Amino acid sequence: MSKTLYDVIGIGIGPYNLGLAALLEETDLSSAFFDDTPKFEWHPGMLIDGMDLQVPFLADLTTFADPKNPYTFMNYLHEHNRMFPFFFHQHFKIPRQEYNHYLQWAAEQLKGLYFNHLITDVIDHSDHYEVIAFDKDTNQKESYLTKHVVLGTGSKPLVLDGMEDLPREDVIHTSRYLFEKENLLDSKHVTVVGSGQSALEVFLDLLEEQKRNDMKLTLLSRTGGLFQLDQAKFAQEFFTPEYVDYFHGLTFDQRQKNLETLGALRKGIDPDTLTRLYSQLYHKTAGGQKSHVLINPMTEVKSIERNGAGYELECEQWQEEKTFRYQTDKVILATGYKPNLPSWFLDRFQKKIKWEDEKSFAVSRDYQLVFNDERDHHFFTLTNLVHSHGAGATNLGLSVHRNVHIINQIAGKEVYKNQEDTAFQTFSMNDFT
């Protein structure tokens, strides 16, 4: 057992905890971070050429808290001799591949990051936590002591019921798209199921690669249409700290209803992606040529079954209330993600913390799990926050804001300044009465 008592241990090393590590390195707080993967990779199956991040480059690991931090994206550009190309590029959003490389660059320099370490348990003691890590390189377990824990295990692919046992090379989630791309392009009919950004990026990439007249592409979307992301200035203020304050102060039922009204902010498609898709289809059909493309909104896929060499999808056009069966060779599920809560977490803490419903634990404004007892050793979470902190819970632009809250709470003082008065709108009657 390590005798060091860390101020904080982070479980999972994704962009959120990586940003936390970058900010902590400039403080006197001690920390360690663990992840079970061999090295840092950000959605490797979706790093499609030509696709950009949906948020501006300022939503990096540290800028909103400390623009002078060595792990800003601007410093990354400077270190990699990319300042002038970026300046001449004049584009506020950056390629996904470059964002991944930026995160890898930061991970390689930061101290206290332990990859290939699987957290198997977290034991709650009276005034600290004991984190059990399995080192995959040595096949040894080691205990680490910490005053506080930050859960940053992210999310995992969400697939429809009954589809888990279908062949991985035939029915894939978008998270594995690039690993199966060549196999998909060899198929005569590929169907993408989904309606968000990932679905459109995969569909567009396949369309741009489609070179054979005998290859058909289908997009089945449950939504009423391919609607674009709301990027209006006032709409973006729903990703400010002020709105998080307002959202968190609502009742659980009010929050659930609120999320339903923000679909265009949460699930819309980047306008540039839609423009590229339309342009591809326009050029493909010039001179009366067939596109070999079917795009069908308002269609929900109920099930997928093996049928000969291919697959049959049971579908419903919900507006017409008509069901039909659809044959295809390969299926790509752009069905999103769900919170990745480790089994040890539920085993150890399910009965110790408060829950708002069976899947949603109570979380304080500063991202602490709410325990049934009073305590000074806190368990923070960056995972499963949409129900408590709103649409911005999965937005990279607010990740630094979350980390500032956590660091200040752990330190017991203001280490980093929280941005205030960042919205021109007010959201609550209490703001002006």
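The largest cavity of this predicted model is lined by Pro 15, Tyr 16, Gly 19, Ala 59, Asp 60, Leu 61, Tyr 99, Leu 396, Ser 399, Val 400 and Asn 403. Helix 1 and helix 14 are the elements that give two or more residues to this lining. The space inside the largest cavity comes to about 50 Å³. Two cavities of 30 Å³ or more were counted. Rolling a probe the size of a water molecule over the atoms shows where empty space is left.

Helix 1 also stands out for its burial. Of its 10 residues, 10 are buried. They are Pro 15, Tyr 16, Asn 17, Leu 18, Gly 19, Leu 20, Ala 21, Ala 22, Leu 23 and Leu 24. The cover over these residues includes three helical and strand neighbours named here: strand 1 (5-11), helix 4 (96-109) and helix 14 (399-411). Strand 2 (31-34), strand 3 (113-114) and strand 6 (140-151) are also included.

Leu 18 itself lies in helix 1 and is buried. Leaving aside residues up to four places away in sequence, Leu 18 touches Ile 13, Phe 40, Leu 61, Leu 103, Ala 106, Ala 107, Leu 110 and Leu 113. In soluble globular proteins, nonpolar side chains tend to be buried together.

Strands of a sheet pair through backbone hydrogen bonds, either parallel or antiparallel.

Strand 9 (residues 189-193) has a partner in strand 15 (residues 330-333), and four bridges link the two in the parallel sense. Within this pair, Thr 191 stands opposite Val 331.

Strand 10 is joined to strand 9 by five bridges, and the two run parallel. Here Val 193 stands opposite Leu 220. Strand 10 is mostly covered, with four of its five residues buried.

The loop between strand 15 and strand 16 (337-339) contains Thr 335. Thr 335 touches Leu 158, Val 159, Leu 160, His 173 and Val 193, not counting residues up to four places away in sequence. From Thr 335 to Gly 152 the separation is 183 residues in sequence and 22 Å in space, C-alpha to C-alpha.

The second largest pocket has a volume of about 220 Å³. Strand 8 gives the most to its lining, with three residues. The lining includes Val 171, Ile 172 and His 173. Pro 157, Val 159, Met 163, Glu 164, Leu 166 and Arg 168 line the pocket too. Ser 175, Arg 176 and Leu 333 complete the list.

Conventions
Residues numbered from 1 in each chain as written. Predicted model: local features only at pLDDT ≥ 70, side-chain atom pairs only at ≥ 80, totals over all residues. Heavy atoms only, no water. Pairing = 2+ DSSP bridges. Contact = heavy atoms within 4.5 Å. 1 Å grid on protein atoms, 1.4 Å probe; cavity = no way out; pocket = protein on both sides within 12 Å on 5 of 7 lines; lining within 4 Å. Points joined across faces, edges and corners; volume = space filled by probe spheres on them. Buried < 20%, exposed > 50% of the residue type's maximum accessible area, 1.4 Å probe, protein only.
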